[in-house]
Amino acid sequence: MVLKHKKEQYCFFRITDSQSDRRYKLQLSKELQRFGALFNYASIGIIVANQDGDITLINDFALSQFDYRREELTGQKVEKLIPRRLHDKHIGHRDRYNASPQSRPMGIGLDLFAVRRDGSEFPVEISLSHYSNEEGHFVIAYISNITERKKAEERIERLNNELESMVEERTQQLVKALADLEASKEDLTIALSKEKELGDLKSRFVSMASHEFRTPLSTILSSAFLVKHYAAESEQPVRNKHIQRIVNAVSFLTDTLNDFLSVGKIEEGKMQARYSMFQIKDYFQTIIQEMQGIIKEKQNILYEHTGEETCWLDTSLLRHIAMNLLGNAIKFSAADSTIELFTRMEDNLFTLMVKDYGIGMSQDDQQHLYERFYRGTNVSNIQGTGLGLHIVQKYSELMNGAISCASELGKGTVFTITFPADPINIP
């Protein structure tokens, strides 16, 4: 190259190392090939955009993801690949990122979607990076199609929901099974308790029978033996005395066996009230007549009725209740005492009251009055099974009756039972 300066000519020569230049060009070519391989053969979509959001580079994988040709996207806004409903929001996000760029995932905690050429959407994950050169600032987006992963997550969620539903169903079945088991256990416990009670009842019967039956059986045996020795007509009063002893002993045995039969039927649930209408005064007068066989010498039963003359109740159960209360009053009263029997029928309520002036009961004994086999502490020398009042209470309950007792030691006892006797309300 020739130049003139101050009328002088100068010649410039350029001397270069051609071999070094070739090495540089070769190295640059290799770097470009490596970059091209990394960019175009990557198995993830890569898009490069400038600060204005214009796409400057896009790799083959991204083109395949979005189903575009390169010339259709180069120079276009990145919003072209985002659902239209999100364009405005994305522009704001893009501007904020350019103001403070950093390498990070995009849309943390959000579900991101991209849109193909045909308008179909698919879920994506996007990571952002950035770089700058003499041409300006650029943003690199790494895009992964996570459709299969989302499907897998949905399947897992569906399976989890099904599993939770199955667990809940199985839990409910288990709870029901446990409840049924508990109910069966309770029923079994009740059955075993009843079986034990019946066993105790039988044991008490054997024990009581061996003790209580011995005396009346001995009386029957001895009186029967003596009767045959008083054959003369003049000895009839003596014979009558022994015959009466036999009758009393047999009556006691019969009553005892009846008590046990009644308790057994009650425990087995075989007793039911059968209602019928009856004349109250005639009914109790008959019972008083029947009690004359066991009444003590000079004892007197005074009977009084007020109110309506008829009533609806189970006459068999009521008879047993009345005879048991009268029998106790006779048994625990002195020979020359009066026993009072009162009945009243008013306002569809029937009241039965038996009052005596006998030995009475302590407050402690009254606490156990209706327990099976319980006998007061002051009656140990008087025959009895301890079942009578228990049966009275149970028979009263069968007719929805309410029983009460008032007693004082040495002054007597009053039993009062009230029954609903309205035929309209009778089952």
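Ser 132 counts as partly exposed because its relative accessibility is 45%; this class lies between buried, under 20% relative accessible area, and exposed, over 50% (1.4 Å probe, protein chains only). The model is predicted, so that local features need pLDDT of at least 70 and side-chain atom pairs count only at pLDDT 80 or more, while totals for chains, interfaces and linings use all residues. Residues are numbered from 1 along each chain as its sequence is written, and side-chain values use heavy atoms, with hydrogens and water left out.

Ser 132 belongs to strand E7 (residues 121-133); strands (E, at least two residues) are DSSP runs numbered from the N terminus. The side chains of Ser 132 and His 137 are joined by a polar contact of 2.3 Å, a term for a pair of N or O atoms within 3.5 Å, of which, within protein, one must be able to donate a hydrogen and the other to accept it, residues adjacent in sequence counting only if both atoms are side-chain atoms.

Aromatic pairs were assigned to rings of Phe, Tyr and Trp (its six-membered ring) with centres within 6.5 Å; planes under 30 degrees apart count as stacked, over 60 as edge-to-face and the rest as tilted. The count comes to 7 aromatic pairs. Phe 278 and Tyr 283 form a tilted pair, at 4.8 Å centre to centre and 45 degrees between the planes, and both residues are buried. The pair of Phe 350 and Phe 419 is stacked, because the ring centres are 6.4 Å apart and the planes stand at 25 degrees. Phe 350 lies in strand E13 (residues 349-356) and Phe 419 in strand E15, so this pair ties together parts 69 residues apart in sequence.

Technical notes: Helices (H or I, at least four residues) and strands (E, at least two) are DSSP runs, numbered from the N terminus.
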